[in-house]
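Grab a pencil and let's work through a few exercises together. Each one has a task and then a solution in steps.

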Amino acid sequence: MFEIAEHTDNGMRFIVLQNEAKTAFAKISLDEGASLCELSFNNIEIIKKQPNFDYKDSYASSILFPFASRIANGEYSFKGEKFQLDKNDDDKNALHGLVYNKSFEVLNSKQKTNNCSVSLMYDEERGNKGFPFKYSISLTYTLSNDELLLDITVKNKDQTSFPFIIGWHPYFLTSNIFESTLSFNCDKKVEFNKNLVTKNIIDYNHNGEFKIKNKQLDDCFFLKDGVVEFFTPDYTINIKSSAKDNFLQLYTPPNRSIIAIEPMTGISNSFNNDIGLQVLKPNETYEIYWKVNFNQSN
C-alpha cells in the first residue's frame, strides 16, 4: 500500500508520497510553488535538495507559468495593451513565471496498492500587475514504484483571454555528470543574447545521443517529439510530454553533479516572439502531463 503524509518543517509545509517499503519516495514543498524537492526510486536519489543552492536562486523543480525562462525587460504587449512584469532576474528580465513561490493547497489525495496521488491547487483571484488575469492551476502528482506522473490543469477564471506557456524545472542528480548522456531529437536551437533572451533561431539537426562531458550547458532546443532520455551510471529516466509542441531547456550549474532537464511548451521571451505561445479563453482549461519513468542501470 502506498502512503501519503503531510508535515511542517521550519514553518514550511510538505507532502510526502511513498510506497510501503519506502523504496519509492517523493517530497513536495507546498509553499514553494508545489515543487518536487525530492524523488527516489529503488532507493536511488534522482532529485535532491543541494547544499548552497537555494530554491529562490535555483527554481529547482518549479512549475513555470504563465511563462518559462525570460521575458526581455519584463515587457510585452497583448491585444494592443502593454504590460510590465516584475524584473526578478538581476533587474534585467522577468524570470520563470508567477507561481514558483506561491502556496498551494491540498484538494484531495488517493492511496492505492500500486500508487498514490495528491492534487494541489493555487487560485489567483487578484491578478499580478504585469499579468492581471484570474486563473487557477492544479497539479496532481502520482507516484508508483518506478514512475512519477505530473498532471497540470490551468483554468482561465477571468472575463478576458490571456497568453501563456508552461514548463517544469527539475534538476536531476547523477553520480558522475561527465559520464552521463542524454538522448533527444531536435531540428532547431535557440541562440541567446548576453542576457539569455532569445536572439535567433538556428538550424540544429540532432537525433539520439547527446554527450554532456565537459559542456557548460544553458541551451534550448526545438524537439521533434515529446521524449527525452537521461542516462547515468546508476539509472536511466525517460521523460515524456503530452504537449503537441515541445521545447527542451538544458542547464548544468558549475561544479555540481546535477542537470536541469526542463520540458517546456514555449521558449524564452515567448510573450514577444510568440514561439509556443498559446491563448486561453475565459472559462477554458488547458491540460498537460509530464511522465518520468525510472530504470536502474546494470
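Predicted model: local features only at pLDDT ≥ 70, side-chain atom pairs only at ≥ 80, totals over all residues.

**Solution.** Residues are numbered from 1 along each chain as its sequence is written, and side-chain values use heavy atoms, with hydrogens and water left out.

Step 1: list the lining (residues with an atom within 4 Å of a cavity point, on a 1 Å grid where a 1.4 Å probe fits but cannot get out). You get L223, G226, V228, I239, K240, S241, N246, F247, L248, P263 and W290.

Step 2: pick the elements that give two or more residues, namely β22 (235–241) and β23 (247–251). Strands here are DSSP runs of E, at least two residues long, numbered from the N terminus.

**Exercise 1.** Find how the lining of the largest cavity splits by class.

**Solution.** Step 1: Ala, Val, Leu, Ile, Met, Phe, Trp, Tyr, Cys and Pro go down as nonpolar, Asp, Glu, Lys and Arg as charged, and the others, Gly among them, as polar.

Step 1: tally up, and you have 7 nonpolar, 3 polar and 1 charged residues.

**Exercise 2.** Work out what share of the chain is buried.

**Solution.** Step 1: buried means under 20% relative accessible area (1.4 Å probe, protein chains only).

Step 1: apply that to the 298 residues, and 53% count as buried.

Methods:
1 Å grid on protein atoms, 1.4 Å probe; cavity = no way out; pocket = protein on both sides within 12 Å on 5 of 7 lines; lining within 4 Å. Helix = DSSP H or I, 4+ residues; strand = E, 2+ residues; numbered from the N terminus. Buried < 20%, exposed > 50% of the residue type's maximum accessible area, 1.4 Å probe, protein only.
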